[in-house]
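Hi,

Here is the structure I promised to pass along.

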Amino acid sequence: MDENNKKLVAATSAVLRYIQQEEEIIYTQPCPAAAHTPSVKLRLWGLSGRQAQMQMRNLMQMKAFHGAKFL
């Protein structure tokens, strides 16, 4: 193995070990934000309004109001 391959293998293994250590830290510590989150109320009125706006924008983008016909 030449010198460049040795350096590449060393750098790659160092990066992989760093990623593994970060994952271990993330998965072993409890999430403090999740413990204190209040229950979220589902607001159907606002949700339906946003959904209607998105649907209208989608129709405008498809030029449904401009008489374009899909072939």
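Below is what I found, starting with confidence and then going through the helices and the surface.

First off, keep in mind that this is a predicted model. The mean pLDDT of the protein is 80, and 75% of the residues get to 70 or more. Confidence is highest in α1, at a mean of 89, and lowest in helix α2 (residues 32-35), where the mean is 63. Where pLDDT is low, the predicted coordinates should not be read in detail.

Helix α3 covers residues 44-61, which makes 18 residues. From first C-alpha to last, α3 reaches 25 Å, close to the 26 Å expected at 1.5 Å a residue. After α3 comes Lys63, with a positive phi near 60 degrees.

Now the surface. How much of the protein is buried? Buried residues make up 0% of the 71 residues. The accessible surface comes to about 7,300 Å², and carbon and sulfur atoms account for 62% of that.

One spot to look at is a nonpolar surface patch formed by Val15, Leu16, Tyr18 and Ile19, with about 400 Å² of accessible area together. Val15 sits in helix α1 (residues 3-28). With a relative accessible area of 49%, Val15 counts as partly exposed, because the exposed class takes over 50%.

Cheers

How values were computed
Residues numbered from 1 in each chain as written. Predicted model: local features only at pLDDT ≥ 70, side-chain atom pairs only at ≥ 80, totals over all residues. Heavy atoms only, no water. Buried < 20%, exposed > 50% of the residue type's maximum accessible area, 1.4 Å probe, protein only. Areas by Shrake-Rupley, 256 points an atom, 1.4 Å probe, with all protein chains shown as cover. Patch = residues over 30% accessible without salt bridge, like charges linked within 9 Å, V, L, I, M, F, W, Y side chains within 5 Å. Salt bridge = Lys/Arg side-chain N within 4 Å of Asp/Glu carboxyl O. Helix = DSSP H or I, 4+ residues; strand = E, 2+ residues; numbered from the N terminus. pLDDT = per-residue confidence, 0-100. Expected span 1.5 Å × (residues − 1).
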